[in-house]
Amino acid sequence: MESLRIWGKHPLSGHVTISGAKNSALALMAGALLCPQQCRLNNVPNLVDIRRMSQVLKALGVGISQQGNSIEIDASNLTTSKAPYELVSQLRASFFVIGPLLARLGVARVPLPGGCAIGARPVDLHVRGLQALGAQVRIEHGIVYADVQGRGGKLRGAKMYLDYPSVGATETLMMAATLAEGESVIENAAQEPEVADLANFCRAMGAKIRGAGTNTITIVGVPSLHTTDYSIIPDRIEVGTFLIAGAITGSEISLAPVIPDHIGPVIAKLQEMGPEVIQEDLNRLRVIPKPLRATDIETLPYPGFPTDMQAQFMALMTLSEGNGVITETVFENRMRHVAELVRMGADIRIKGQNAIIKGVPMLSGAPVMATDLRASAALVLAGLAAEGETLVKGLHHLDRGYEKLEQKLLELGAKMERVAPVDS
Ligand code: EPZ
């Protein structure tokens, strides 16, 4: 397993270019299945998860060609409605193809994505919504079988209420409703920027969608969609991660492109801790480090504080003056980075969903193990600030979600190297 060796306490400086949003790209790649013509997605980050989603689409008969950060997706001739287990089990987001497959073909066979390090990750809200849209859905041997009987295999518009504003369920159901007969409404919908980006992509293909980005989304079905050439929004979680890289190393760095509104809660909490975040022009931010004061954070659905920034913020809070509390309300098991940060000298105690962080004057480098994508980012950030050498193992987690993270950090002046697996 590859590792990253980091020599801490080197200040950073300069400018970092932010890649396209992973969680947008994955949803939009599924959305391209809705279109019977070739589409083009630009600003797609070059990540393991993107390559995995490409494999899932190819298994469905989709033509895929990637040039740099652009992907041509040709779903004009879907050859099957069955997504392969060995691919879906590696990438939870590939479950989102169920909505477009059902909308296009009137049938879908998609394996349950299963749980992961951060939680059970159920799909009951996706299933209940598809049933409301007129699909018969049953789950047997870990496979979700969905079929539309009658009406020529067309879904019918419906009013759906999500018990929880699930990002994936909102995206699955919004995609399915674009080709349904009649009007659909999704209430208590997720408001994340990636949901709005998916809606804008579908509208660019001719879908009729209103209200994406709010908690109520209205979709009027259309017979078919058409080609488009679409650029994905910048990754707000990568922005947040680099803002913290500056704050935790006491460095002033700038970042672009950024859509500041997408990362408002992180900017607000970072400024509450002391650092300044300045908007330099429409799409550029600069972070100016300041002595760190503790604060409290509760992760919530957008526009609340994003759960995908929880681990990275915890790394920062280990070095702040005073005590802070982080409450994780979105996922049931997203505190596995705590034990690793404690190995580096952090003072953190877990009580249920809460982590109580007592600031310490310094962290000390140590060998640590990444357990999931954002935990790996948090450990890299801690390594940048720690005295001495940190070895972050489990780097495959990092490669799933960050494009060229170490190159970007090296260009900012960080000292690190990727270490090949010792057993190779
Ligand atoms: C998306 O996951 C993101 N992934 C996650 O990012 C992100 O953490 C999450 O949204 C929350 O913002 C992608 O977009 C590919 P949810 P998703 O459905 O859609 C429960 C990262 O690090 N739930 O909003 O799977 C669920 O158990 C990843 O980039 C149900 O109960 O998240 C969880 O507790 C990690 N039933 C809560 O909702 C359902 O049918 C939020 O999950 C669906 C979800």
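Visitor: Let's begin at the ligand. How far is its nitrogen atom from an N or O atom in the side chain of D124?

Guide: The separation is 2.7 Å, between a nitrogen atom of the ligand and an N or O atom of the D124 side chain. Keep in mind that this is a predicted model.

Visitor: How many residues surround the ligand, and which are the closest?

Guide: The ligand has 23 residues around it, and the closest are D124, S166, G168, D308 and V330.

Visitor: V167 brings me to the helices. How should I read a packed pair?

Guide: Two numbers describe two packed helices: the angle between their axes and the distance between those axes. Take α6 (residues 167–177) and α7 (residues 193–204): the angle is about 10 degrees and the axes are 10 Å apart. The two helices are therefore roughly parallel to each other.

Visitor: What is the handedness of the crossing where α6 passes α7?

Guide: The crossing is right-handed. On the α6 side, the contact is made by V167, T170, E171, M174 and M175, and on the α7 side by E194, V195, L198 and A199. Sorted by class, these are 6 nonpolar, 1 polar and 2 charged residues.

Visitor: Let me try another pair. At what angle do α10 and α12 pack, and how far apart are their axes?

Guide: Helix α10 (residues 310–317) and helix α12 (residues 373–385) pack at about 25 degrees, with axes 7 Å apart. They are therefore roughly parallel, and their crossing is right-handed. A311, Q312 and A315 of α10 make the contact with R374, A375, A377, A378, L381 and A382 of α12. The classes here are 7 nonpolar, 1 polar and 1 charged.

Visitor: And which residues of α1 and α2 meet?

Guide: First the geometry: α1 (residues 22–31) and α2 pack at about 5 degrees, with their axes 10 Å apart. That makes α1 roughly parallel to α2. K22, A25, L26, M29 and A30 of α1 meet D49, I50, M53, S54 and L57 of α2. This contact divides into 7 nonpolar, 1 polar and 2 charged residues.

Visitor: Now the backbone. What should I expect before looking for exceptions?

Guide: Most peptide bonds are trans, and most residues other than glycine have a negative phi. Against that background, the peptide bond joining A256 and P257 is cis, with omega about -5 degrees.

Visitor: Where does P257 lie?

Guide: P257 is in the loop between β14 (253–256) and α9 (264–272). Another cis bond runs from Y302 to P303, with omega near 10 degrees. P303 sits in the loop between β17 (297–299) and α10, the helix that packs with α12.

Visitor: What about phi: is that of N43 positive or negative?

Guide: Positive, at about 60 degrees, although N43 is not a glycine. You will find N43 in the loop between β3 (38–42) and α2 (48–59). From there you can follow the chain to α2, the partner of α1 in the pair with axes 10 Å apart.

Definitions and conventions
Residues are numbered from 1 along each chain as its sequence is written. This is a predicted model: local features need pLDDT of at least 70, side-chain atom pairs count only at pLDDT 80 or more; totals for chains, interfaces and linings use all residues. Side-chain values use heavy atoms; hydrogens and water are left out. Axes are lines fitted to C-alpha atoms, for helices over the stretch in contact, and angles run from 0 to 180 degrees between N-to-C directions. Helices (H or I, at least four residues) and strands (E, at least two) are DSSP runs, numbered from the N terminus. Angles under 35 degrees count as roughly parallel, over 145 as roughly antiparallel, 65 to 115 as roughly perpendicular and the rest as oblique. A crossing is left-handed if the near helix is turned anticlockwise from the far one by less than a right angle, and right-handed if clockwise. Contact means heavy atoms within 4.5 Å. Ala, Val, Leu, Ile, Met, Phe, Trp, Tyr, Cys and Pro count as nonpolar, Asp, Glu, Lys and Arg as charged, and the others, Gly among them, as polar. A residue is near a molecule or strand if one of its heavy atoms lies within 4 Å of it. A polar contact is a pair of N or O atoms within 3.5 Å; within protein, one must be able to donate a hydrogen and the other to accept it, and residues adjacent in sequence count only if both atoms are side-chain atoms.
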